[in-house]
Amino acid sequence: MARQVSCETRNNLRGMDNEKKRSAIFSKGLLQSGELYQYLLETNVYPREPELLKELRDMTATHPRAIMATAPDAGQLIAMLLKLINAKRTIEVGVFTGYSLLRTALTIPEDGKPGNENGFDFAFIDADKINYWKYHERLMKLVKVGGIVVYDNTLWAGSVAMPEECTPEILREGRQRTLEFNKLLAADPRVEISLAPLGDGITICRRMH
């Protein structure tokens, strides 16, 4: 079934320009349908979304590359993680229009501040996939033991589970980078990990040592 669905997706994308392809691929997230994802947002996420975040989300929706923004449900989980570990020192790599960064700023205490070597409580990475492992190695020095690192787009529109020949061309390079990163991360003894199917997939890492 996975092969049939992914090949059908590839065929449906023919003739679209790149931005339309990205929108068609990512717009429903990873749930069974757009309707189910909309239900999740309208019942669980939007009612609790701060007004500033809603305004930024609405503005970002008009951007030609709006699909690059952090998914609101992923942002909600990030806020909960920040509160659970009482994060004060945070770092973010890749901000686009700033949805996740604003979510962090609205969540951490007023005495939140930049950290230093081995002093960050939390990191969120949503940048160029080719450098994810380099960012990870650096963050293992910046984030303290017990701190949290979150990586976005670790399911890459579900293409990580597609046969390569049925993966839409626009996803292939990112798919390969993501597969390589996920494999390295799964074998890293320095962290505990959990990959959550929110947005485009987010992997939560807790530094152990």
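Glu117 counts as partly exposed because its relative accessibility is 47% (buried is under 20% relative accessible area, exposed over 50%, partly exposed in between, with a 1.4 Å probe and protein chains only). This is a predicted model, where local features need pLDDT of at least 70, side-chain atom pairs count only at pLDDT 80 or more, and totals for chains, interfaces and linings use all residues. Residues are numbered from 1 along each chain as its sequence is written, and side-chain values use heavy atoms, with hydrogens and water left out.

Glu117 forms a salt bridge with Arg138 (a side-chain nitrogen of Lys or Arg within 4 Å of a carboxyl oxygen of Asp or Glu). That pair links distant parts of the chain, 21 residues apart: Arg138 sits in helix H7 (residues 132-142), Glu117 in the loop between helix H6 (99-107) and strand S2 (120-125). Helices (H or I, at least four residues) and strands (E, at least two) are DSSP runs, numbered from the N terminus. Arg138 is partly exposed too, at 42% relative accessibility.

The structure holds 12 salt bridges, and here are some of them:

| Pair | Closest N to O distance |
|---|---|
| Arg138 and Glu117 | 3.5 Å |
| Glu192 and Arg206 | 3.1 Å |

Glu192 is in strand S4 (residues 191-196) and Arg206 in strand S5 (residues 202-207), so their pair ties together parts 14 residues apart in sequence. Glu192 is partly exposed at 41% relative accessibility, and Arg206 is partly exposed at 38%. Asp188, by contrast, counts as buried, at 6%.

Elsewhere, Glu49, Lys54, Arg57 and Asp58 are linked in a network of salt bridges.
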